[in-house]
Amino acid sequence: MTKVAVSGAAGRMGATVCEAVEAADGLELTGRADPSLGVALADVLGEAEVVVDFSIPDTALANVKECLAAGVHVVVGTTGFDLAAAKAAAEESTANCFVAPNFAIGAVLMMRFATEASRIMAKAEIIELHHDRKLDAPSGTAARTAELMQGDVPIHSVRLPGLVAHQEVILGDVGQTLTIRHDSTDRTSFMPGVLLAVRRVGTLPSSPVVGLEALLFDDA
Ligand SMILES: NC(=O)c1ccc[n+]([C@@H]2O[C@H](COP(=O)([O-])OP(=O)(O)OC[C@H]3O[C@@H](n4cnc5c(N)ncnc54)[C@H](O)[C@@H]3O)[C@@H](O)[C@H]2O)c1
């Protein structure tokens, strides 16, 4: 059994990850860290082999560094933090770090298709739409998509109640547009990807690894 602790365990994503880990074969939930539960990350690190962090942008980097310094592998879903600083910390640690701005398979495919289309079509823009309690804008998924695509890709952010996580990439060329859209209508959409990363983080060939595509496609 792989021992897994969740950081941000009381949050929308963290609570869903706790349920998924508890239901998964070969994984054991050993800790729930969250200030709102009165449990610090340090309190759960001793027992965990892997920490999954879905916390907040302001604290994610410190959490990643704390896990890596303790020799505990870390899977990071939090967005809007300084990834370059996390890379430096990961390179110095014996433990591994896996970061994905989006753990939903459909979103990974959307990014892949958009990347491919951007090599051919003239221009593109991204509209990302999320629930109104999301702290960061643009979303990590949109920023990553734009980074992967060719050319300068503007991002528009929409925050409204009723939304979960959605993104449209609109590509334009002479007399035509192509729209690639992904919708996460429920947070369970992210769980197969999170569990895959938890199972694989200990055996990554290098660290950090960014993007679920690295675990899914041979050519990524
Ligand atoms: N990678 C993905 O696939 C994906 C999908 C959805 C959301 N997200 C990201 O996950 C993060 C969490 O989203 P959410 O909707 O669950 O937010 P949320 O606000 O519901 O939960 C965040 C939790 O983090 C806790 N927290 C605050 N400080 C902390 C600390 N120092 N250590 C541990 N926990 C701390 C808060 O108390 C809260 O319970 C966001 O950055 C969001 O963008 C990523």
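Student: Which residues line the largest cavity?

Tutor: A cavity is a space where a probe fits but cannot get out, and in this predicted model the largest cavity is lined by Asn-102, Met-110, His-130, Ser-139, Thr-141, Ala-165, His-166, Gln-167, His-182, Ser-184 and Phe-190. Strand S8 (165-173) and strand S9 (176-184) are the elements that each contribute two or more residues to this lining, and the largest share, three residues, belongs to S8.

Student: How many cavities of 30 Å³ or more does the structure hold, and what is the volume of the largest cavity?

Tutor: The structure holds one cavity of 30 Å³ or more, and the volume of the largest cavity comes to about 80 Å³.

Student: How do the residues of that lining divide into nonpolar, polar and charged?

Tutor: For the largest cavity, the lining comprises eight polar residues and three nonpolar ones, with no charged residue.

Student: What is the volume of the largest pocket, and which of its lining residues lie nearest its centre?

Tutor: A pocket, in contrast to a cavity, is an open set of points; here the largest pocket has a volume of about 820 Å³, and its lining is made up of 37 residues, with Met-13, Phe-54, Ser-55, Ile-56 and Thr-78 lying nearest the centre.

Student: Which helices supply at least two residues each to the lining of the largest pocket, and how does that lining divide by residue class?

Tutor: At least two lining residues come from each of helix H1 (12-23), helix H3 (57-69) and helix H6 (140-148), while the lining of the largest pocket as a whole divides into 16 polar, 15 nonpolar and six charged residues.

Note on methods: Residues are numbered from 1 along each chain as its sequence is written. This is a predicted model: local features need pLDDT of at least 70, side-chain atom pairs count only at pLDDT 80 or more; totals for chains, interfaces and linings use all residues. Side-chain values use heavy atoms; hydrogens and water are left out. On a 1 Å grid over the protein atoms alone, a cavity is a set of points where a 1.4 Å probe fits but cannot get out, and a pocket is an open set with protein on both sides within 12 Å along at least five of seven lines; lining residues have an atom within 4 Å of a point. Grid points are joined across faces, edges and corners, and a volume is the space filled by probe spheres set on the points. Helices (H or I, at least four residues) and strands (E, at least two) are DSSP runs, numbered from the N terminus. Ala, Val, Leu, Ile, Met, Phe, Trp, Tyr, Cys and Pro count as nonpolar, Asp, Glu, Lys and Arg as charged, and the others, Gly among them, as polar.
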